[in-house]
Amino acid sequence: MKQTPGEQQLEIRFRPGQITKSGFMGDDTRHIHDIIEADGKVLERFGLKKADIADRLTLFMDEGKKELEGKVDLGEYVVQVHWARGLMPCPFGEPGLHPKVVVHVFSKASRQEIRYSQLSVHMIRKHGFWGGKGSVFRLEPIDVIRLLKMGGNGE
Amino acid sequence: MISNILLTVALLCGINGLLALFLIIAERFFLNYGPCTITVNESKTVRVPGGSSLLSTLNNEKIFLPSACGGRGTCGTCKCRITQGAGPLLPTEMPLLTQKEIADQIRLACQVKVKRDLSIRIPEALFSIKEFKAQVTLIKDLTYDIKLIRFKILGDDEILFKPGQYVQLQSVSYDDVKESVSRAYSIASSSDEKKSIDLMIRLVPEGICTTWVHQYLSEGDEVRFTGPMGDFCLCEGTGEIIMVAGGSGMAPIVSFLRYLIQTKSKRKVTYFFGAVTKKDLFYLDEMKRFEKEMVDFTFIPALSQPEPDDQWDGETGLITVPMKKYIQQIDTETCQAYLCGSPGMIKACVQILNENGVTSDRIFYDPFA
């Protein structure tokens with residue numbers, strides 16, 4: 001499919017070495033908009049909106065930040081936040097920079113962990129983008145929904 | 001019928017192709033802006049080829065404006081005043097400029113293209129920023145994710161910096177990373193050393209520059225950096241100095257301490273270093289040496305979550321805990337505080353300092369932002 005110059009720029013910003021070392025696409029060959037659409041359908045199945053997920057991820061991140069890199073026991077979950085120096089732009093190109101914050105959320109019940117960045121939360125909330133498959137900070141919507149016990153019976 | 005449709009499609013494709021060709025030719029031959037003159041601060045004039053962004057054009061002239069996003073128009077740190085020739089404000093600039101800035105002719109240097117003669121105003125301090133070519137002479141693990149890197153400046157150049165300032169290190173192409181990026185790192189070495197600098201660099205997951213430093217950079221490699229930059233510096237005063245920093249935030253603090261030793265300062269200094277477990281601690285021998293060399297220096301490390309194997313008998317809890325305990329016992333009227341770390345840590349420290357009599361005009365910080 002022919003891309004507009006704007007879309008070409010967008011695609012470039014998602015490549016390795018533009019904003020992050022490995023980029024945001026992993027080994028996913030789908031178009032960014034197709035990835036967004038497919039992940040959006042998973043949320044729809046569970047009756048969830050992207051803001052619901054982003055709010056929950058933000059909550060964990062904010063709790064983790066309070067402990068300045070130490071582990072925070074939130075009962076069912078353990079959260080740890082790493083905050084590195086510097087800021088990064090969103091690959092979608094809107095103005096603004098995001099702190100280099102990485103969050104680990106560990107579920108004591110399922111023994112599963114998800115890892116995401118502050119930028120991931122922004123991209124989910126604003127663009128519905130969870131990362132290309134195989135990318136370092138890709139979150140599988142279904143894994144997040146299960147781990148955070150969100151949504152109804154969409155299985 | 002089908003042949004008509006195919007003919008129409010072919011005709012449209014042909015017209016599109018011709019238009020695209022015309023645009024390419026037009027860009028190649030008609031958008032040649034020729035040489036332009038940039039007048040800086042009404043005193044310095046440079047003759048440059050037109051067509052590139054003001055930011056990159058100035059960089060080529062060895063005038064380095066700060067830029068955190070590499071000219072992508074998202075950070076707003078390359079703002080400068082353009083009094084003539086900037087052309088109309090661009091939609092890409094507007095979200096990053098306030099109404100007052102727009103009224104004051106402030107523009108984003110990365111977005112403004114040099115198409116005609118320009119007059120700009122920038123802080124005089126930016127003229128002292130230089131590009132250096134250096135060789136890596138030492139790479140040393142400080143912790144599992146922080147390295148100390150020593151760079152020897154090549155040629156006749158010397159770096160003149162104030163303790164607390166930083167440089168922007170330029171990575172080179174590696175692996176899938178095809179383009180160079182610049183990242184800011186505080187200088188950890190003594191400011192009387194003019195032929196080399198030390199940086200403390202923590203590995204950032206997916207970080208382009210830190211991955212290059214940690215996994216690809218070797219002793220003997222040649223690199224480039226620009227600097228010095230920043231205004232996180234030691235201020236005049238006679239009162240006690242409180243320092244708070246953890247991880248690679250230690251870099252500017254070490255430079256401060258070296259300066260205080262070098263100037264034989266008699267000021268009392270207490271440095272609170274926050275870490276999670278013992279494996280995050282480093283430079284303990286150096287801190288002991290500083291305690292011996294300085295008139296009145298105390299290093300107080302605190303572990304927020306020591307492991308049982310750490311056998312830790314020092315301070316525990318967040319770094320704000322021992323800092324608060326200490327500050328409540330001293331006279332804070334002339335006390336100054338220097339902080340380097342995450343915005344969360346800085347916010348917590350500033351609150352405690354304010355509550356205990358250290359006014360904001362005596363608190364200086366370098367947030368990880």
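How many residues does the contact take from chain A and from chain B?

Guide: This is a predicted model, in which local features need pLDDT of at least 70, side-chain atom pairs count only at pLDDT 80 or more, and totals for chains, interfaces and linings use all residues. Residues are numbered from 1 along each chain as its sequence is written, chains are lettered from A and ligands numbered from 1 in the order in which they are written, and side-chain values use heavy atoms, with hydrogens and water left out.

The contact (heavy atoms within 4.5 Å) takes 31 residues from chain A and 34 residues from chain B. Between them the two chains bury about 2900 Å², 59% of it on carbon and sulfur atoms; buried area is the accessible area (1.4 Å probe) that two parts lose on being put together, summed over both.

Two salt bridges are counted between chain A and chain B, a salt bridge being a side-chain nitrogen of Lys or Arg within 4 Å of a carboxyl oxygen of Asp or Glu. A:Lys21 forms a salt bridge with B:Asp175, with 3.4 Å between the closest N and O atoms. On the side of chain A that touches chain B, strand 2 (77–89) and strand 3 (97–107) of chain A each supply at least two residues. Strand 2 of chain A gives the largest share of that side, seven residues. Helices (H or I, at least four residues) and strands (E, at least two) are DSSP runs, numbered from the N terminus.

Over all chains, the whole structure holds 26 salt bridges. In one of these, the side chains of A:Asp39 and A:Arg138 meet at 2.7 Å, N to O. A:Asp39 lies in helix 2 (residues 32–45) of chain A and A:Arg138 in the loop between helix 4 (118–127) and helix 5 (141–147) of chain A, so the pair ties together parts that are 99 residues apart in sequence. A:Asp39 counts as buried at 4% relative accessibility, and A:Arg138 counts as buried at 11%; buried means under 20% relative accessible area, exposed over 50%, partly exposed in between (1.4 Å probe, protein chains only). A network of salt bridges links A:Asp39, A:Lys133, A:Arg138 and A:Glu140.

In chain B, B:Asp145 forms a salt bridge with B:Arg202, the closest N and O atoms being 3.0 Å apart. B:Asp145 sits in the loop between strand 6 and strand 7 of chain B and B:Arg202 in strand 10 of chain B, 57 residues apart. B:Asp145 is buried, with a relative accessible area of 11%, and B:Arg202 is buried, with 16%.
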